[in-house]
Amino acid sequence: MMAPSRRGEPGVQRAVAVVDQGAVERNCARLVEALAGSRLCAVVKANGYGHGAVECAQSALAGGATWLAVAAAAEVAELRSQLPDARLLTMGALTEAELDLALGADSDVAAWRPGFAHLLGERGAELGVRPRVHVKYDSGMGRLGERDPDAVLALVDAVAADDRLDLAGLWTHFATADEPDSDFFGEQLGRFARLAERVRAEHPDVLVHAANSAATLRDPASHFDMARCGIAIYGLDPFHSDPFARGLEPALELRSYVADVKRFPAGVSAGYGQRWRAPADTWVGVLPIGYGDGVRRALTNNGEALVGGRRYPFVGTVSMDNVTVDLGPASSVEPGSAAVLIGAQGDARILCEEVARRLETINYEITCGIAPRVPRVQVRSAGR
């Protein structure tokens with residue numbers, strides 16, 4: 001599958017993550033269409049899942065998102081410095097100092113305990129702001145939030161009764177939305193829907209939200225007033241399969257180049273520990289990228305790279321700064337050739353989901369794990 005033309009394409013570099021902001025914008029437009037009237041909150045925590053938080057936030061808003069969400073106070077402060085008018089939600093736990101930073105950034109915040117709601121009122125009064133509070137219900141994730149619906153209702157009522165606070169939202173998070181064979185998703189959705197109905201009866205203006213990317217694409221009943229989509233806005237499949245089958249475009253490519261090509265007689269080894277020896281005479285390419293850049297060591301003898309539009313297997317131990325690939329006995333690959341570890345080259349493509357399966361993990365961890373020393377180069381395609 002040929003990649004669309006993109007402005008600002010970088011030349012050959014040691015290691016670079018190329019992020020297509022046009023794809024991010026179109027993915028958000030696709031999700032807005034699926035939501036059919038519910039609002040889209042684009043989740044850009046963890047530096048936009050490794051893609052670049054501010055740039056992806058801007059593209060998400062251009063694609064129709066009306067809210068942005070992060071996990072940490074420093075993240076929301078960064079967004080506010082660049083996006084003065086955006087609606088922001090900080091979803092994670094906050095220390096008192098972090099709370100001041102989040103409130104200073106005019107962010108909505110989460111609460112799940114009466115003591116924290118009381119602290120919100122105190123800090124808001126001292127700072128001269130009225131915190132907007134989203135009460136969290138643990139409907140089955142088993143993390144932050146009360147499990148008892150009556151305790152959640154009591155907290156909702158306490159926040160609503162506190163003149164120092166603004167009851168802004170009620171929310172939860174699904175544990176198995178990305179597992180189509182799991183019945184637990186339906187159980188969680190039912191629990192949350194019943195509680196949301198009770199809350200809306202007393203507080204009709206509250207913003208109700210539950211869906212992540214998987215739930216958004218799986219069941220419209222989960223959409224409520226807003227969906228918080230993360231992985232899908234970056235064109236990664238929340239069901240860990242094929243993003244293109246769901247109308248999503250992967251936004252990130254991880255690239256390097258062939259720094260050297262070496263002749264390997266049969267029996268000669270590559271890498272630490274001699275974990276691979278040439279079974280026959282062959283050529284081996286050296287790519288100057290490794291686990292220091294996020295190419296995990298567990299891909300030793302278990303990964304592939306694209307060079308000249310063809311797949312070549314990783315051979316030998318992945319080291320901090322280098323990967324070696326078997327180019328075959330009659331290769332025409334020359335030093336300086338471009339290499340792609342995630343993304344497309346010619347008609348060939350390596351999906352992030354494929355890399356995740358090889359590592360027995362999920363696509364989230366692959367993009368979040370690309371190291372800070374790898375520059376993110378932002379480009380914008382014109383579409384397909």
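A residue counts as buried when its relative accessible area is under 20%, as exposed when that area is over 50%, and as partly exposed in between. The model discussed here is a predicted one, and this scale is applied to several of its residues in what follows.

Consider Gln274 as an opening case. Gln274 belongs to the loop between strand E12 (260-264) and strand E13 (282-287). Its relative accessibility is 44%, and Gln274 is therefore classed as partly exposed. The backbone of Gln274 also deserves attention, for its phi is near 50°, a positive value in a residue other than glycine. Ala46 has a positive phi of about 50°, although Ala46 is not a glycine. Ala46 is placed in helix H2 (residues 45-49), whereas Gln274 is placed in a loop. With a relative accessible area of 37%, Ala46 is partly exposed.

Helix H3 (residues 53-62) and helix H4 (residues 73-82) pack at an angle of about 60°, with their axes 10 Å apart. That angle makes H3 oblique to H4, because angles under 35 degrees count as roughly parallel and those from 65 to 115 as roughly perpendicular. The two helices make a right-handed crossing. On the side of H3, the residues that meet H4 are Ala53, Val54 and Ala57; on the side of H4, they are Glu78, Leu79 and Gln82. Sorted by class, the residues of this contact comprise four nonpolar, one polar and one charged.

Helix H4 also packs against helix H5 (residues 96-104), and here the axes come within 8 Å and cross at roughly 20°. H4 and H5 are therefore roughly parallel to each other. Their crossing is left-handed, while that of H3 and H4 is right-handed. In this contact H4 contributes Ala73, Ala74, Val76 and Ala77, and H5 contributes Glu98, Leu101 and Ala102. The classes in the contact of H4 with H5 are six nonpolar, no polar and one charged.

Which residues of H8 are buried? They are Phe185, Gln188, Leu189, Gly190, Phe192, Leu195, Ala196 and Val199. The buried residues of H8 pack against helix H7 (149-161), strand E8 (166-171), strand E9 (207-209) and helix H9 (213-218).

Of these partners, H7 may be examined in detail. H7 and H8 pack at an angle of about 30°, with their axes 11 Å apart. That makes H7 roughly parallel to H8, and the crossing of this pair is right-handed. Pro149, Asp150, Val152, Leu153 and Val156 in H7 meet Leu195, Arg198 and Val199 in H8. The residues of this contact divide into six nonpolar, no polar and two charged.

Two buried residues complete the account. Pro250 lies in the loop between strand E10 (226-229) and strand E11 (252-257). Is Pro250 buried or exposed? With a relative accessible area of 16%, Pro250 is buried, because that value falls under the cut-off of 20%. Not counting residues up to four places away in sequence, Pro250 touches Ala23, Tyr234, Gly235, Pro243, Phe244, Arg349 and Leu351. The C-alpha atoms of Pro250 and Ile233 are separated by 8.8 Å, and the two residues stand 17 residues apart along the chain.

Asn363 is located in helix H11 (residues 363-368). The relative accessible area of Asn363 is 1%, so Asn363 is buried. Leaving aside its neighbours within four places in sequence, Asn363 is in contact with Ile231, Leu236, Asp237, His240, Cys352, Glu353 and Ala356. Arg349, which is among the residues touched by Pro250, is 14 residues from Asn363 along the chain, and the C-alpha atoms of Asn363 and Arg349 are separated by 15 Å.

Conventions. Residues numbered from 1 in each chain as written. Predicted model: local features only at pLDDT ≥ 70, side-chain atom pairs only at ≥ 80, totals over all residues. Heavy atoms only, no water. Axes fitted to C-alpha atoms, helices over the stretch in contact; angles between N-to-C directions. Helix = DSSP H or I, 4+ residues; strand = E, 2+ residues; numbered from the N terminus. Parallel < 35°, antiparallel > 145°, perpendicular 65-115°, else oblique. Left-handed = near helix turned anticlockwise from the far one by under 90°. Contact = heavy atoms within 4.5 Å. Nonpolar A, V, L, I, M, F, W, Y, C, P; charged D, E, K, R; others polar. Buried < 20%, exposed > 50% of the residue type's maximum accessible area, 1.4 Å probe, protein only.
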